[in-house]
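Subject: Structure handover

Hello,

Here is the structure I said I would pass on.

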Amino acid sequence: MTDNIGYGQQKRRQGNIDTLHGKITFRNSFKEMMDSVSKPYPECIQYLVDNIKLDPGFAEFFNWSLENNIPVVVLSSGMEPIIKALLAALVGPNSTKMQVIGNDVGPRPGKTIDQEGGWQIVFHDESDFGHDKSLTLRPYAQLPAAVRPTMFYAGDGVSDISAAKETDLLFAKKGHDLVSYCVKDDIPFTLFEDWTTILAKTKEIVEGKTTVKAAALAGSEAYKASLHSHSL
C-alpha cells in the first residue's frame, strides 16, 4: 500500500533502514507509512485483496498444521481487518481457524474510515513497535518445560525483531532485514525462500528426524558458510 498508493517505495525503504539502525522506532516509521495512504479503508482492503499473492507453500503448510493439530497464529504489525480479509481471500473458509493478532484501525476525528483520509492505524500496545510481538510469545516461552509448546516463528522484517529472541526455531526470509538483524546480534536462524522450506523442516522436526536445536544450529552454520563462499 505504501509503495503504490502511499508515499512510495523509496521512502518506505529508508524508513525500514532507519528503524534497523535505531534512528526511528518502528511504531513512528510505520505510522508515517500508513498516514501517507489516504484511500478510504474499504478501498485499501480491496486493493490488497486484488494485488497480493500468497507465499508458495503456505496453503499446504496451513492444511498440514490443521491435520496435525498445530496452532498457527499470525502476529502482524499490520491491521487485523486487512490480514483477515487477505487470509479469507487467499486461504479460504479455514482461515478463521488461524488466530490473528495485530493492530487495529479507527476513524480520524470527525470522519469515518469509509471516507478519503478518514482512517488511521490504532496500535496494539504502547511499545516502540506498536505491536511488540514478543509480548504474545513470552507467556508461552516462560511455561514449565513439561507443558511449554515448541515455538516456530517465521518473519522477514524489522517488525519481527522483538520476537526473534523469544522462539525456539526462527525462520528468516532470504534477502530481507530480519536476516541482517540476526547476523548482527548472533541470533540462530534458518533461512527460507518460501513456505515449502518451512513445511519440510517443520515436518522433519515433528517426525523426529531432527531436533529444533540441531535445525537452528544447522541453519545458522549454512548461512555463515554461504557468506564465506561468496567472499572467497
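A crossing of two helices is called left-handed if the near helix is turned anticlockwise from the far one by less than a right angle, and right-handed if clockwise. Helices (H or I, at least four residues) and strands (E, at least two) are DSSP runs, numbered from the N terminus. By that convention, α4 and α6 cross in the right-handed sense.

Two notes on the source come before the rest. This is a predicted model, in which local features need pLDDT of at least 70, side-chain atom pairs count only at pLDDT 80 or more, and totals for chains, interfaces and linings use all residues. Residues are numbered from 1 along each chain as its sequence is written, and side-chain values use heavy atoms, with hydrogens and water left out.

The helix pair

The axes of α4 and α6 come within 10 Å and cross at roughly 35°; axes are lines fitted to C-alpha atoms, for helices over the stretch in contact, and angles run from 0 to 180 degrees between N-to-C directions. On the α4 side the contact (heavy atoms within 4.5 Å) is made by Y41, I45, L48 and V49. On the α6 side it is made by P81, I82, A85, L86 and A89.

Strands of a sheet pair through backbone hydrogen bonds, either parallel or antiparallel. Here two strands are said to pair if DSSP finds at least two bridges between them. Strand β1 (residues 73-79) runs parallel to β2 (residues 99-107), joined by 4 bridges, and V74 stands opposite V100 in β2. From β1 the chain passes through helix α6 (residues 80-90) to β2, a right-handed β-α-β crossover. Right-handed here means that, with the strands pointing away from the viewer, the path from the first strand over the helix to the second runs clockwise. Strand β3 (residues 119-122) pairs with β2 in the antiparallel sense over 4 bridges, and W119 in β3 is the bridge partner of P107.

The open sheet

What is the strand order in the open sheet of 3 strands? The order is β4-β5-β6, with parallel pairing. Its edge strands, β4 (152-155) and β6 (190-192), each pair on one side only. Neighbouring strands of this sheet are turned by 25° against each other on average, direction ignored. Strand β5 (residues 169-173) is joined to β6 by 3 bridges, with K173 opposite F192. Helix α8 (residues 177-185) packs on the sheet, touching β4, β5 and β6, and its direction makes about 130° with that of β5. Helix α9 (residues 195-206) also lies across β4, β5 and β6, at about 165° to β5.

The cores

A nonpolar core is a set of buried Ala, Val, Leu, Ile, Met, Phe, Trp, Tyr and Cys residues joined through side-chain atoms within 4.5 Å. Buried means under 20% relative accessible area, exposed over 50%, and partly exposed in between (1.4 Å probe, protein chains only). The largest core has 37 residues, of which M1, M34, M79, I82, W119 and L170 touch the most other members. Elements giving two or more residues to this core include α4, α6, β5 and α8. A second, separate core of 21 residues includes W64, V74, L199 and A215.

Two loop residues

N69, in the loop between α5 (58-67) and β1, has a positive phi near 55° although N69 is not a glycine. Its relative accessibility is 71%, so N69 counts as exposed. D186, in the loop between α8 and β6, also has a positive phi of about 55° without being a glycine. D186 counts as exposed because its relative accessibility is 56%.

Regards
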